[in-house]
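This report walks through a structural model, from its overall make-up to a few individual residues. Please keep the sequence and the structure in view while reading.

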Amino acid sequence: MAAPVPEWATKEPCLMGIDEAGRGPVLGPMVYGCMYCARSYNNTLSTLKFADSKTLKEEQREELFESLKVNSSIGWEVDVICPKDLSAKMLKKSKVNLNEISHNSAMGLVRKVLDMGILLAEVYIDTVGDPEKYRIKLTEKFPGIKFVVAKKADSLYPVVSGASIVAKVTRDRALRNWVFDETALSLHMKTGSGYPGDPDTKQWLEDHKHPVFGFPTLVRFSWGTCKPFFKDAVEVTWESDEVDEDGTDNGSTKRQVKLSSLGFTGFKRKTEEIESSGKGRCKFFQARKLELVRKFQ
């Protein structure tokens with residue numbers, strides 16, 4: 001839980017840093033964190049030994065996070081995006097790529113802080129994509145704020161270093177305390193680093209795949225890393241409730257959607273038009289002579 005809004009933050013111009021943790025791993029959430037302080041506190045901030053969280057040991061990150069939590073001159077917030085949401089957004093019909101998800105999360109933190117009544121004057125952020133295009137996008141969204149977008153901002157600006165620690169520690173704790181939804185299975189958290197190239201991570205994926213249901217919810221099933229694990233998966237076919245290709249909805253034909261592999265692996269779907277008589281449909285529907293009805297008298 002983030003601390004209540006400090007009184008100084010609503011009276012003095014503030015600066016804020018934003019950074020993420022867990023963009024690359026195939027396991028666990030992606031976390032965006034922000035840290036803010038009064039502009040007048042910036043010089044003091046540089047003496048607090050904040051650094052890019054990737055350069056610090058876990059014990060150092062935990063210690064720094066606890067110190068900033070009790071520092072009355074600092075505020076912070078996080079946005080935790082779970083693996084299921086990441087994959088669902090990337091695979092849905094109107095796809096949202098990872099860069100856009102990242103941008104939306106960062107802008108969400110800016111909006112949240114502003115809605116809290118904080119006098120936000122400057123925001124420093126580690127870039128995702130082209131820095132200048134990202135800066136313009138942010139400026140158009142929040143015209144009253146100065147944005148500085150840079151590569152490796154977490155190693156350039158102490159306020160971003162602090163945000164990096166907030167994000168990284170939050171993600172680490174989320175993984176340590178992860179509770180599986182799949183309680184009927186014997187699951188463990190010896191996952192390795194969670195990055196696609198880690199042999200321990202690959203072995204964990206191999207040990208926890210299911211030929212029909214795929215992976216546990218810890219896994220970002222839209223990642224390309226997951227595809228090779230389902231070469232021999234069960235093929236899934238179901239009847240789609242979508243209207244005809246020409247946009248009409250006369251009930252004369254139905255679409256059958258066939259997956260060459262599990263849908264969540266990101267393989268392209270194959271579709272074929274079938275007659276409403278039921279030819280090619282699932283035996284369950286054929287035997288019961290069931291049809292999809294959209295219009296009622």
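## Overall make-up

Helices (H or I, at least four residues) and strands (E, at least two) are taken as DSSP runs and numbered from the N terminus. On that basis the protein chain, which is a predicted model, has 9 helices and 8 strands.

Of the 297 residues in the protein chain, 43% count as buried, and the chain exposes about 16300 Å², of which carbon and sulfur atoms supply 53%. Among the contacts in the protein chain with a separation of 6 or more, 67% are made by residues 24 or more positions apart.

Strands of a sheet pair through backbone hydrogen bonds, either parallel or antiparallel.

Glu 122 is found in strand E4. Is this residue buried or exposed? With a relative accessibility of 12%, Glu 122 counts as buried, because the cut-off for that class is under 20% relative accessible area.

The side chain of Glu 122 makes a polar contact of 2.6 Å with the side chain of Tyr 124.

## Aromatic pairs

The count of aromatic pairs comes to 6. One of them joins Phe 65 and Trp 76 in an edge-to-face arrangement, with 5.3 Å from centre to centre and 70° between the planes. Phe 65 lies in helix H2 (residues 58-69) and Trp 76 in strand E3 (residues 74-81), so this pair ties together parts that are 11 residues apart in sequence. Phe 65 is buried, with a relative accessible area of 3%, and Trp 76 is also buried, with a value of 7%.

The rings of Tyr 124 and Tyr 157 form a pair that is tilted, because their planes stand at 45°, while their centres are 4.8 Å apart. Since Tyr 124 lies in strand E4 (residues 120-126) and Tyr 157 in the loop between helix H6 (153-156) and helix H7 (158-176), the pair ties together parts that are 33 residues apart in sequence. Tyr 124 counts as buried at 13% relative accessibility, whereas Tyr 157 is partly exposed, with a relative accessible area of 26%. Elsewhere, ring pairs link Phe 215, Phe 229 and Phe 230 into a cluster.

## Val 236 in a loop

Val 236 is found in the loop between helix H8 (199-207) and strand E6 (237-240), where it is partly exposed, with a relative accessible area of 28%. Val 236 and Val 212 are 24 residues apart in sequence, and their C-alpha atoms are 8.1 Å apart in space.

Definitions and conventions:
Residues numbered from 1 in each chain as written. Predicted model: local features only at pLDDT ≥ 70, side-chain atom pairs only at ≥ 80, totals over all residues. Heavy atoms only, no water. Buried < 20%, exposed > 50% of the residue type's maximum accessible area, 1.4 Å probe, protein only. Contact = heavy atoms within 4.5 Å. Areas by Shrake-Rupley, 256 points an atom, 1.4 Å probe, with all protein chains shown as cover. Phe/Tyr/Trp six-rings, centres within 6.5 Å; stacked < 30°, edge-to-face > 60°. Polar contact = N/O pair within 3.5 Å; in protein donor to acceptor, adjacent residues only side chain to side chain.
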